[in-house]
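Visitor: I've got a model open and I'd like to learn how to read it. Could you walk me through it, feature by feature?

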Amino acid sequence: MNDSPLALLGGEPAVTVAGPHFAWPPIEDADRRAVAAQLETSVSIPDRSGIVADLEDALASYLGVRHVVTTCTGTAALHSMYAAAGIGPGDEVIVPALTFHATATPLFHLGAHPVLADVDDRGQLDLEDADRRLTARTKAVVAAHLWGLPEDMDALVSFADELELMLLEDGSHAHGATWNHQTVGTFGAASAFSLNGPKPLSAGEGGLVATDDTELYYRVLLHGQYNKRCRREIPADHPLARFAVTGMGLKLRIHPFAAALARTQLTRLDVHLAGRQRIAARMCAALDSVPGIHVPDLPTAARPSWYALPLHYERAELGGLPLERFLDAVHAEGAKEADQPGSTCPLVTHPLFQAPGDLLPGYAGRQGTAAGAFPAAEYVHATTFKLPVWHREEDVHLADAYAAAIAKVASHAKDLM
Ligand SMILES: *Cc1c(COP(=O)(O)O)cnc(C)c1O
């Protein structure tokens, strides 16, 4: 295969299977039946009953936490988590400078300030940089577990403990990932997850907050699940019970159809993760010796969810070939799903983080964060491309073909100069 000229230059492509090559979530008859059955049961659930209770019980038991509240999106879950954690006007929260923007944006709607901290060369929160950005207003630090590769939770837990900061997690890439056999989403005061379409656990649209803290749980309910659910779950003699009817005024409930889908997907999550684990290991082994390509350097404590396989591209090893040109050639080989992360990028590149006051009047006059302030986040983003991680044995040939396409382009790099 490697003897054929590059497809970009007129040779035979390495990947000959017609696309699309990757679709998520995998829909089976069990999913179709569950969603159809929900149509006959209830299409709106105002309290914690039916499929919503089923799903939350199953999630709480899967994660190993006391309380789970499902929401309409992951963004809403993050919003509820921050609100319930008592984060308010003027408070500062340390957020990795490289993540999907919704890890941080709900903070703007609480009058709080996301304080970006740079990442290390693996894309994980750099605790020395975080330390430099602490002030008397810093309340919490957020772990993001990008691409489902768990952060170093030993380091993060002791960092938060020593500084008496609340530790919160955005597990949206990392359902079922573990660090030292402990599930992501259980290390801090609370965690939020997206259940959006492509996420490892998918409801189509949805999210959840997980916590062991009952007080925080009541506040999550009051943030986005007002009236019946709050009236039934917050004990009448609790000081917050009098707010039950309105809560904090937002409505962020999950749709029962989405809950039904997530519930059947959850029964297969561990099978999906085990399949991804096998295929990710196979892809890493195949790509490890390819010049210019560096597979993730995983600590032994980390068991990822493999939301994606992020690869570091070292152009110096390929005669300086720019990543964009390399990827053009990879796409021409037929490996269409290889891509540079788009919206998961250095947050300072978004105008909302540079000039929040132009859109959110509460931030008028507040200095945004300047581009260039997070060199490692920008470096990691500019040198990373990612591959999907398949989970089914019958897709192993695709994983192999993608690895072959990348190896072929790397071995022909000089033809592209
Ligand atoms: C997807 C995602 C979110 C937002 O979730 P939605 O369900 O799309 O609102 C937040 N954080 C991260 C890291 C995500 O990947």
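**Reading the model, from the start of the chain**

Guide: Let's begin with Pro 20, which sits in the segment before helix 1 (helices, H or I of at least four residues, and strands, E of at least two, are DSSP runs numbered from the N terminus). This is a predicted model, where local features need pLDDT of at least 70, side-chain atom pairs count only at pLDDT 80 or more, and totals for chains, interfaces and linings use all residues. Residues are numbered from 1 along each chain as its sequence is written, and side-chain values use heavy atoms, with hydrogens and water left out.

Visitor: What joins Gly 19 and Pro 20?

Guide: The general idea: most residues other than glycine have a negative phi, and most peptide bonds are trans. Here, Gly 19 and Pro 20 are joined by a cis peptide bond, with omega about -5 degrees. Trp 24 and Pro 25 are joined by a cis bond too, with omega about 0 degrees, and Pro 25 is also in the segment before helix 1. As for phi, Glu 164 has a positive value of about 55 degrees although it is not a glycine; look for Glu 164 in the loop between helix 5 (153-163) and strand 6 (166-170).

Visitor: How many salt bridges does the rule count?

Guide: A salt bridge here is a side-chain nitrogen of Lys or Arg within 4 Å of a carboxyl oxygen of Asp or Glu. The count comes to 19. Take Glu 28 and Arg 268: their closest N and O atoms are 3.4 Å apart. Glu 28 lies in the segment before helix 1 (29-41) and Arg 268 in helix 8 (residues 256-287), so this pair ties together parts that are 240 residues apart in sequence.

Visitor: Where are the domains, and how do I read the interface?

Guide: The bounds come from an automatic or database domain assignment: domain 1 is 29-265 and domain 2 is 269-416. Their C-alpha centres lie 25 Å apart. The size of an interface is often given as the accessible area lost when the parts come together. With a 1.4 Å probe and the loss summed over both parts, domain 1 and domain 2 bury about 3500 Å², 68% of it on carbon and sulfur atoms.

Visitor: How many salt bridges are there between domain 1 and domain 2?

Guide: The count between them is 0.

Visitor: Which residues come nearest the ligand?

Guide: Of the 14 residues around the ligand (a heavy atom within 4 Å), the nearest are Gly 74, Thr 75, Asp 170, Ser 194 and Lys 199. A backbone N or O atom of Gly 74 is 2.8 Å from a ligand oxygen atom. A polar side-chain atom of Asp 170 lies 2.7 Å from a ligand nitrogen atom, and a side-chain N or O atom of Lys 199 is 2.9 Å from a ligand oxygen atom.

Note on methods. Buried area = accessible area lost by both parts, 1.4 Å probe. Polar contact = N/O pair within 3.5 Å; in protein donor to acceptor, adjacent residues only side chain to side chain.
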